[in-house]
Amino acid sequence: MNPFSSGTRLRDMIRAIRACKTAAEERAVVRKECASIRAAVSDNDNDYRHRNLAKLMFIHMLGYPTHFGQMECLKLIAAPGFPEKRIGYLGLMLLLDERQEVLMLVTNSLKQDLNHTNQYIVGLALCALGNISSAEMARDLAPEVERLLQFRDPNVRKKAALCSIRIIKKVPDLAENFVNPVASLLKEKHHGVLLTAIQLCADLCIVSEEALEYFRKKCTEGIVKVLKDAVNSPYAPEYDISGISDPFLQIRLLRILRILGHGDADASDFMNDVLAQVATKTESNKNAGNAILYECVETIMSIEDSGGLRVLAINILGRFLSNRDNNIRYVALNMLMKAISIDGQAVQRHRATILECVKDSDASIRKRALELVYLLVNESNVKPLTKELIDYLVVSDQDFKGDLTAKICSIVEKLSPEKIWYIDQMLKVLCEAGNYVKDEVWHALIVVITNSSNLHGYTVRSLYRAIQTSCDQEAVVRVAVWCIGEYGDLLVNNVGMLDIEEPITVTESDAIDVIEAAIKQHTSDLTTRAMCLMALLKLSSRFPSSSQRIKDIVNQSKGSLLLELQQRSIEFDSIIGKHQNLRSALVERMPVLDEASYSGRRGGSGVSTSGINNIPNGVVKIVDAPLVDLLDLGVDEPAPPPNSSSGPNFLHDLLGVGADISSSSPQSGGRNTMHGHKSGTDVLLDLLSSGSPPAPAPAPATQKSSSTSDLLSLTQLNNNNNNNKPSPSPSPFSGLDTLSSPLPTPGASPMMDLLDGFGPNPTTPPPPPKEEDNGRTYPPIVAFESGALSVMFNLSKQPGSPQITLIEAKFTNKSSQVYTDFVFQAAVPKFLQLHLEPASSNTLPGNASGSITQKLRVTNNQHGKKSVVMRIRISYKLNNKDMLEEGQISNFPRDL
């Protein structure tokens with residue numbers, strides 16, 4: 001009986017399943033058929049086994065379980081006839097995979113069929129083995145497959161080569177057995193056999209270095225000859241595709257040449273001529289020809305070759321960029337990105353075509369072309385390329401502006417030839433796409449502006465013009481508001497006019513109008529409004545005659561629902577109305593922000609003692625310090641972790657940002673930083689500023705052996721020479737209290753660093769036993785001393801509260817001048833609580849004829865574990881000139 005006659009139930013089952021209108025109906029039909037097949041399997045029905053297995057395969061393709069029919073596959077494979085074996089092997093490949101244990105039972109049948117006299121049965125066995133072979137089956141049947149590589153029929157040889165590929169992937173150790181048979185297959189005339197032999201050769205080269213060397217020496221010349229024959233062969237209808245002779249074979253040949261020529265100059269020399277022929281003779285007006293040219297380019301770029309052939313390959317890619325097919329242009333851009341590292345000059349010749357691709361309508365091509373342009377930019381072409389990109393930014397799609405602005409900003413920042421060009425280009429980008437730039441972009445622009453002292457006037461005037469036309473671009477508004485606040489006086493007085501500028505007249509009222517408009521327009525943006533309030537505070541000092549108007553504008557935010565704005569408004573109103581004596585110092589010019597430091601922070605680099613610079617004023621400065629502009633520039637990155645190389649800073653936990661730790665004087669435990677006009681830091685907020693790591697104050701006479709211990713366990717940075725020098729520039733340190741602090745060990749120096757020391761000092765004698773801190777008093781200590789100013793601390797304990805220390809500070813002026821507006825400030829780490837009572841006076845007489853006293857109360861929440869440490873700041877006026885001194889006090893007794 002013919003199981004596939006017109007009355008078979010296979011056709012009926014397929015028709016019944018397709019007629020089902022719901023999934024439930026389909027499941028019912030499948031369940032019925034599966035029950036019928038199970039009954040036939042139980043009855044061992046040999047007549048309809050073909051049909052049942054064919055139906056099972058269809059059910060399996062619909063996604064239903066068919067594991068109960070696996071043994072039927074084995075029974076059909078064991079049958080003698082070709083039709084049964086054909087269905088059996090097909091079912092084996094569909095219903096089973098290499099993880100099934102049932103496969104062990106089929107190994108013997110496969111071995112018999114591989115030795116069968118019928119070449120079609122041999123072909124069935126090779127197909128099955130090539131699809132589902134496991135490692136064990138590969139080891140058992142590899143000799144039979146190796147023998148079949150020399151079989152008389154080319155179809156069997158082709159299938160044996162494909163089966164060999166799976167065997168060497170499953171068992172790489174067997175690769176050496178196939179090297180010699182493959183070498184003979186590479187001389188085949190039959191294209192099907194040659195294709196599979198080349199693929200097998202490529203896989204052998206990947207899994208075995210010995211095979212790769214063998215093929216390089218023995219087969220390179222033969223493969224080159226085959227490729228040359230394929231390129232120059234006459235028309236053959238059986239292999240012709242679009243007028244090209246067997247493009248599939250040519251592509252395979254080019255790929256194997258790429259493997260053989262990579263890293264081997266001799267093998268590369270053999271193939272140079274034929275690659276040039278392929279590149280010049282292949283037609284590029286058909287897709288088949290473009291595929292061959294692409295593989296040819298990839299091969300040229302991979303082998304060891306002189307520049308001439310590579311230039312030819314890059315020119316081919318340039319032609320691809322002019323093709324109307326988007327896929328061809330995309331792969332050309334991908335290949336040019338690889339080629340630019342090999343021969344960048346040749347790629348530069350196609351710069352105009354690549355720029356046109358940036359303007360393509362296809363989003364994928366635009367993005368890839370933009371990445372390629374980014375790689376093409378160098379010092380010699382940065383100006384024209386940037387101009388092209390900015391011109392396109394004006395008309396580009398909204399979806400593409402984000403990527404485009406990011407690349408333009410990165411190019412300008414990396415390759416800017418001069419600062420005025422940098423500022424101009426960044427302003428153009430911000431005016432066109434300011435809402436698409438990231439915060440660090442305009443942060444970096446402000447850093448560059450502060451470093452360009454000769455361009456302050458030009459910049460603020462340019463920004464004033466920009467905000468008039470681009471007030472809807474948030475980044476422009478922020479930078480303009482910041483610069484007007486900083487350099488508003490230069491704007492009004494037209495200071496620093498350049499020849500390229502057009503004259504502009506701006507009054508104080510005009511400058512304030514711009515900021516007032518920004519507050520009203522950007523009502524939903526907290527950062528912009530906060531920056532506007534800060535700029536108004538600065539302008540109240542720059543424009544004294546407009547203070548009342550500024551005060552009125554600031555007062556408008558007192559009722560804001562946003563706490564930040566409300567607090568700023570109230571505080572700034574108080575400063576403008578009641579603290580004119582502090583205002584000028586609070587809002588003086590920002591210091592020059594170090595560009596290298598900002599770049600290092602953006603790159604995520606930490607501070608190390610090796611990255612230290614001496615800036616012109618002689619202050620030691622850490623290179624990789626984050627820049628903290630508390631008034632305008634928000635710091636986006638989190639603070640460094642406690643164990644980072646930047647070193648711990650106990651003030652970080654107190655203030656929440658990188659803080660300043662001033663170096664101690666060798667004589668006093670404080671450091672004098674007198675200067676009449678301290679540039680760039682706030683008197684009230686300067687405790688948040690940055691500085692260099694301090695050196696500890698000298699210990700008492702019995703503890704001098706530890707005087708070289710660095711307060712923060714960093715190398716001393718010439719701190720002993722920093723007396724009477726300006727305050728250091730910013731430097732980041734992480735919070736000290738987040739680090740573990742072991743208990744003091746006997747013999748540890750009381751002057752060890754704030755981390756309680758990394759180990760005891762063997763040369764220091766142990767301290768005396770600790771007494772009960774109930775009402776205990778201590779000898780006075782010299783807390784701070786400069787040339788004329790001396791600060792003495794008298795220490796005592798509150799009875800019954802050993803964790804509380806009472807301090808009476810006594811300030812003495814040894815100079816002949818009187819200090820007025822005397823203010824003492826202090827800051828302590830997070831584990832301490834500090835309370836300052838009002839000072840006895842704000843005038844300190846000269847010649848030590850009088851003193852000022854002030855009481856402090858310090859509560860140590862980690863009494864016995866961590867020592868008291870304090871940072872102080874003293875401000876006063878000398879002959880109506882603002883003076884500032886600051887220092888670190890770390891010579892407190894350890895048992896406070």
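Analyst: Start inside one helix. Aspartate 391 and lysine 387 are four residues apart in helix α22, so about one helical turn separates them. Keep in mind that this is a predicted model.

User: What do aspartate 391 and lysine 387 form?

Analyst: They form a salt bridge, with 3.1 Å between the closest N and O atoms. Aspartate 391 has a relative accessible area of 41%. That value makes aspartate 391 partly exposed, because the class runs between 20% and 50%.

User: How many salt bridges does the structure hold?

Analyst: The structure holds 35. One of them joins the side chains of glutamate 388 and lysine 359, at 3.9 Å from N to O. This pair links distant parts of the chain, 29 residues apart. Glutamate 388 belongs to helix α22 (residues 382-395). Lysine 359 lies in the loop between α20 (351-358) and α21 (363-376).

User: Are glutamate 388 and lysine 359 buried or partly exposed?

Analyst: Glutamate 388 is partly exposed, at 36% relative accessibility. Lysine 359 is also partly exposed, at 36%.

User: Now sheets. How do strands hold on to each other?

Analyst: The general idea is that strands of a sheet pair through backbone hydrogen bonds, either parallel or antiparallel. Here, three strands make an open sheet in the order β10-β13-β14, with antiparallel pairing. At the edges stand β10 (820-827) and β14 (881-889). Each has a single partner strand, so one side of each has no neighbour in the sheet. On average, neighbouring strands of this sheet are turned by 15 degrees against each other, direction ignored.

User: How many bridges join β10 and β13, and how many join β13 and β14?

Analyst: β10 pairs with β13 (residues 870-878) over six bridges. β13 pairs with β14 over nine bridges. Look across the strands too. Glutamine 825 stands opposite arginine 873 in β13. Lysine 877 stands opposite aspartate 882 in β14.

User: What lies between β13 and β14?

Analyst: The two strands form a hairpin, with two residues between them. Asparagine 879 in the turn has a positive phi of about 55 degrees.

User: Why is β14 called largely enclosed by the rest of the structure?

Analyst: Because seven of its nine residues are buried.

User: Which residue forms a salt bridge with arginine 873?

Analyst: Glutamate 886 does, with the closest N and O atoms 2.7 Å apart. This pair links strand β14, which holds glutamate 886, to strand β13, which holds arginine 873. The two residues are 13 apart in the chain, and both are buried. Salt bridges can also share partners: Arg255, Arg258, Glu295, Glu298 and Lys338 are joined that way into one network.

User: How many aromatic pairs are there?

Analyst: With ring centres within 6.5 Å as the cut-off, the count is eight aromatic pairs. Take tryptophan 482 and tyrosine 487. Their ring centres are 6.1 Å apart and their planes stand at 80 degrees, so the pair is edge-to-face. Tryptophan 482 is buried, at 1% relative accessible area. Tyrosine 487 is buried as well, at 3%. Elsewhere, Phe811, Tyr819, Phe822, Phe824 and Tyr876 form one aromatic cluster.

User: Which residues lie over the faces of phenylalanine 68 and tyrosine 374?

Analyst: Arginine 38 lies over phenylalanine 68, at 4.2 Å from the ring centre. Lysine 407 lies over tyrosine 374, at 4.5 Å from the ring centre.

Conventions
Residues numbered from 1 in each chain as written. Predicted model: local features only at pLDDT ≥ 70, side-chain atom pairs only at ≥ 80, totals over all residues. Heavy atoms only, no water. Phe/Tyr/Trp six-rings, centres within 6.5 Å; stacked < 30°, edge-to-face > 60°. Buried < 20%, exposed > 50% of the residue type's maximum accessible area, 1.4 Å probe, protein only. Lys NZ or Arg CZ within 6 Å of the ring centre and 35° of its normal. Pairing = 2+ DSSP bridges. Axes fitted to C-alpha atoms, helices over the stretch in contact; angles between N-to-C directions. Salt bridge = Lys/Arg side-chain N within 4 Å of Asp/Glu carboxyl O.
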